[in-house]
Amino acid sequence: MKKDTSMNSNLKLILPPPDELTFGFITRSGTFTDGDLLVNKDGVRIVSQTDDESPPPIKPSDNHLSLADLDSIKVIGKGNGGIVQLVRHKWTNQFFALKVIQMNAEESYCRLVAKELKINQLAQNPYIVVCYQIFYDNGAIFIILEYMDGGSLADLLKKVETVLEPYLAAICYQVLNGLIYLHHEKHVIHRDLKPSNLLINHRGEVKITDFGVSAILANTADQANSFVGTYAYMSPERLNGDKYDNKSDIWSLGLILLECATGQFPYAPPDKEKGWEGFFDVMVAVVELASPSAPEQFSPEFCSFISSCLQKDPQKRSSARELLVHPFIKKFENFDVDLAAYFKDAGSPLATF
Ligand code: ATP
Ligand code: MG
């Protein structure tokens with residue numbers, strides 16, 4: 001019988017007794033200090049992962065993280081390929097996000113995909129979610145990631161509906177730095193930039209995750225329609241099957257920002273009630289229609305930024321480096337935007353008991 005690897009047998013679910021649900025179950029004193037896991041009705045949030053008494057944290061270069069050493073705390077997200085769980089390392093108390101992608105393919109092929117995904121492990125930068133380990137085991141690919149306690153930008157959008165320009169500029173600044181690292185230092189195209197692949201935490205950090213994960217799965221899974229979310233942010237040249245480069249990610253960034261500003265995906269589906277039903281509809285809209293633009297209610301700097309990203313001709317699109325010094329980013333540079341407070345006020349969208 002095939003083992004169910006979506007919840008590995010080595011992983012135990014540890015939950016606090018009901019009377020402790022409103023307090024951190026790692027606190028000894030009942031008062032939160034750095035190093036505590038805050039568990040309340042809104043979700044789970046790490047106050048910090050450092051604690052003088054704990055062993056040194058595991059570094060991305062440590063290559064011996066094993067599933068047997070991880071306790072599962074709870075499922076924090078679901079994507080097309082599988083589930084994401086919050087897990088805790090038994091010996092260091094360090095938290096990670098464990099992504100389990102159930103594969104329905106030949107083992108040799110799955111190992112190849114796992115190898116291809118290892119590109120995620122090679123990127124180390126403050127604006128990129130740390131990927132500690134990727135491996136294939138018993139029908140599933142396991143990815144051990146840095147835990148981002150604010151969830152994704154998609155989760156945030158569900159809470160706040162729209163993001164005001166100063167916050168958007170501060171978020172965008174971090175994403176652009178991540179893209180500059182990927183494009184110009186690692187020479188990697190992300191290929192799957194979308195709100196659910198931009199993760200946030202209580203320190204106000206925004207980091208890029210999942211290079212090509214959905215893209216690889218969408219190419220291989222033969223179930224294109226369940227990947228509408230992935231295709232929706234793809235550039236026209238990619239959807240057309242033409243050659244594409246770094247600028248393809250810039251198109252995706254433009255759509256993400258416009259969606260955050262207006263609260264709506266920039267292309268309206270043919271039937272508003274039903275939303276986007278299939279990837280073909282999205283593809284036709286992106287390839288055939290004129291680029292979306294920011295409505296006039298937004299600042300001229302923001303409108304110009306969006307137009308620099310959403311040029312249908314990739315050669316006319318700005319690069320991440322150029323966008324980092326765009327007047328929209330410069331305008332809010334000295335605003336001292338407190339993203340940590342903004343993300344906290346929005347409420348942790350994750351792990352609600
Ligand atoms: P797709 O499968 O199409 O790529 P997705 O990006 O939403 O969609 P996942 O990457 O599996 O799918 O992520 C699902 C959700 O899990 C995210 O939206 C986010 O809420 C949560 N998540 C993913 N990675 C982490 C992480 N490292 N830390 C905290 N939460 C995470
Ligand atoms: Mg993802």
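Asn138 counts as partly exposed, at 34% relative accessibility; buried means under 20% relative accessible area, exposed over 50% and partly exposed in between, with a 1.4 Å probe and protein chains only. This residue is found in the loop between β6 and β7, where helices (H or I, at least four residues) and strands (E, at least two) are DSSP runs numbered from the N terminus. Asn138 has a positive phi of about 45 degrees although it is not a glycine. Most residues other than glycine have a negative phi.

His187 likewise is not a glycine and has a positive phi, of about 55 degrees. Its place is in the loop between α4 and β8, and with a relative accessible area of 65% His187 is exposed.

## Basis of the description

This is a predicted model, in which local features need pLDDT of at least 70 and side-chain atom pairs count only at pLDDT 80 or more, while totals for chains, interfaces and linings use all residues. Residues are numbered from 1 along each chain as its sequence is written, chains are lettered from A and ligands numbered from 1 in the order in which they are written, and side-chain values use heavy atoms, with hydrogens and water left out.

## The chain as a whole

The chain contains 13 helices and nine strands. Of its 353 residues, 52% are buried. The chain exposes about 16,700 Å², and carbon and sulfur atoms supply 50% of that area; accessible areas come from the Shrake-Rupley method with a 1.4 Å probe, and for residues only the protein chains shown count as cover.

Among contacts in the chain with a separation of 6 or more, 65% are made by residues 24 or more positions apart. Contact means heavy atoms within 4.5 Å.

## The five-stranded sheet

Five strands form an open sheet in the order β3-β4-β5-β7-β6, with antiparallel pairing; two strands pair if DSSP finds at least two bridges between them. The edges are held by β3 (70-78) and β6 (131-137), each of which has a single partner strand, so one side of each is left without a neighbour in the sheet. On average, neighbouring strands of this sheet are turned by 25 degrees against each other, direction ignored. Helix α1 (residues 107-117) packs on the sheet and touches β6 and β7, its direction making about 175 degrees with that of β6. For such angles, axes are lines fitted to C-alpha atoms, for helices over the stretch in contact, and values run from 0 to 180 degrees between N-to-C directions.

Strand β4 (residues 82-89) has seven of its eight residues buried, so it is largely enclosed by the rest of the structure. Antiparallel pairing over seven bridges links β3 and β4, and Lys74 has Leu86 in β4 as its bridge partner. A hairpin of three residues joins β3 to β4. Strands β4 and β5 also pair in the antiparallel sense over seven bridges, with Val84 opposite Lys99 in β5. Their hairpin has five residues between the strands, and Asn93 in the turn has a positive phi of about 65 degrees. On to β7 (residues 140-146), β5 (residues 95-102) pairs in the antiparallel sense over seven bridges, and Ile143 in β7 is the bridge partner of Lys99.

## The magnesium site

The magnesium ion (ligand 2) is coordinated by Asn197 (OD1) and Asp210 (OD), at 2.1 Å. Donors are N, O and S atoms within 2.8 Å of the metal (3.2 Å for Na, K and Ca), and water is not among the atoms, so sites may look incomplete. Asn197 lies in the loop between α4 (165-185) and β8 (198-200), and Asp210 in the loop between β9 (206-208) and α5 (213-221), so the pair ties together parts that are 13 residues apart in sequence. Both Asn197 and Asp210 are buried.

Ile306, in helix α10 (residues 300-309), is buried, with a relative accessible area of 0%. Beyond its neighbours within four places in sequence, Ile306 is in contact with Gly254, Leu257, Leu258, Ser293 and Ala294. Gly254 is 52 residues from Ile306 in sequence, yet 5.4 Å from it in space, C-alpha to C-alpha.
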